[in-house]
Amino acid sequence: MKAVRFSQFGGPEVLEIVDLPDPHPGPGQIRIAVRAAGVNPSDCKKRAGLMDPELPQTLGYEAAGVVDELGSGVTDVAVGDRVFGFSDAGAAQAELAVLSDYAPIPPSLDFPGAAALPAAIETAARALDQLGVGSGSTLLISGASGSVGSAAVQLAVVRGARVIGTASPANHDYLRSLGSEPVAYGEGLAERVRALAPGGVDAALDAAGSGILPELIELAGGPEHVVTIADFGGAREHGVRFSSGDSGRAIYALAQIGELVESGRFSLPVAQTFPLSEVAAAHRAGEHGHARGKLVLVTGSPDAAEAR
């Protein structure tokens with residue numbers, strides 16, 4: 001099978017499309033013919049040598065496609081089903097991928113739309129759980145128009161929370177459409193938030209990593225009420241929890257998102273799609289662009305990627 005791999009650390013130019021042995025599912029796993037795979041900031045960090053030291057490495061933790069092989073004990077899906085989910089092997093940017101956690105693709109979504117979901121909804125749900133966000137909570141989200149931020153806005157609204165989200169003015173109408181009260185980021189943020197919530201907020205989520213943790217701590221009443229998914233150094237400096245999958249993942253979000261999508265209470269835009277062979281261009285777009293929504297790689301023909 002064709003797959004994305006790199007054998008040295010560096011810029012997008014080190015990414016290659018190589019032939020690798022076809023993977024096969026173990027007990028409780030499934031294999032899919034990949035139609036689309038999400039591209040995440042962690043892919044760029046891995047490629048740059050900021051995460052795992054081993055070489056060579058494959059890429060991709062989320063994908064959508066058609067089941068074509070079942071591991072032993074799997075009874076909840078059948079060959080030919082449309083599913084999306086996580087590849088624990090980190091090799092989803094390929095023609096074939098083994099998924100350990102998966103769910104049916106919501107009927108209204110195409111493959112790229114489904115591939116955009118897993119990492120964003122799991123990360124958002126995990127952070128909301130860690131913050132204890134529920135009905136009656138007031139939540140501040142820094143970076144609310146990004147993939148994880150916008151997912152967190154919508155999931156928090158479903159939980160009955162009031163959401164205040166930071167974004168550039170160009171994205172304020174978008175945040176309103178998701179159910180958030182927008183504020184501009186930058187100098188004077190605390191004052192703008194207090195104009196909406198004079199007593200501060202119950203919790204704050206940093207999805208942007210823009211050095212804003214001191215302001216979030218002040219607004220939320222202490223570091224124990226703040227979670228960041230984007231500022232590891234700042235979390236250590238200020239005593240804030242850095243949320244990662246190492247502390248347990250919110251896999252349940254995969255099974256729950258379909259009903260929210262179909263009822264119109266959740267959507268996550270795909271900013272741009274790229275053929276698998278143009279993975280380097282996708283990385284460049286991720287590093288330099290500010291597009292709203294996910295970047296997604298597609299395999300096969302465009303018609304195959306968009307099929308429902």
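Reader: What should I know about the model first?
Author: It is predicted: local features need pLDDT of at least 70, side-chain atom pairs count only at pLDDT 80 or more, and totals for chains, interfaces and linings use all residues. Residues are numbered from 1 along each chain as its sequence is written, and side-chain values use heavy atoms, with hydrogens and water left out.

Reader: Why are strand 10 and strand 11 called a pair?
Author: Two strands pair if DSSP finds at least two bridges between them. Strands are DSSP runs of E, at least two residues, and helices are runs of H or I, at least four, numbered from the N terminus. Four bridges join strand 10 (residues 162-167) to strand 11. Therefore the two count as paired. Glycine 165 stands opposite proline 182, and threonine 166 has valine 183 as its bridge partner.

Reader: Why do arginine 162 and glutamate 181 count as a salt bridge?
Author: A salt bridge needs a side-chain nitrogen of Lys or Arg within 4 Å of a carboxyl oxygen of Asp or Glu. Here the closest N and O atoms are 2.6 Å apart, so the pair qualifies. The pair links strand 10 and strand 11, 19 residues apart.

Reader: Why is arginine 162 called partly exposed?
Author: Buried means under 20% relative accessible area, exposed over 50%, and partly exposed in between (1.4 Å probe, protein chains only). Arginine 162 has 30%, so it is partly exposed. Glutamate 181, at 27%, is partly exposed too.

Reader: How do you know that aspartate 19 and lysine 2 form a salt bridge?
Author: Their closest N and O atoms are 3.2 Å apart, so they meet the cut-off. Aspartate 19 lies in strand 2 and lysine 2 in strand 1, so the pair ties together parts 17 residues apart in sequence.

Reader: Is aspartate 19 buried or exposed?
Author: Its relative accessible area is 56%, so aspartate 19 is exposed. Lysine 2, at 35%, is partly exposed.
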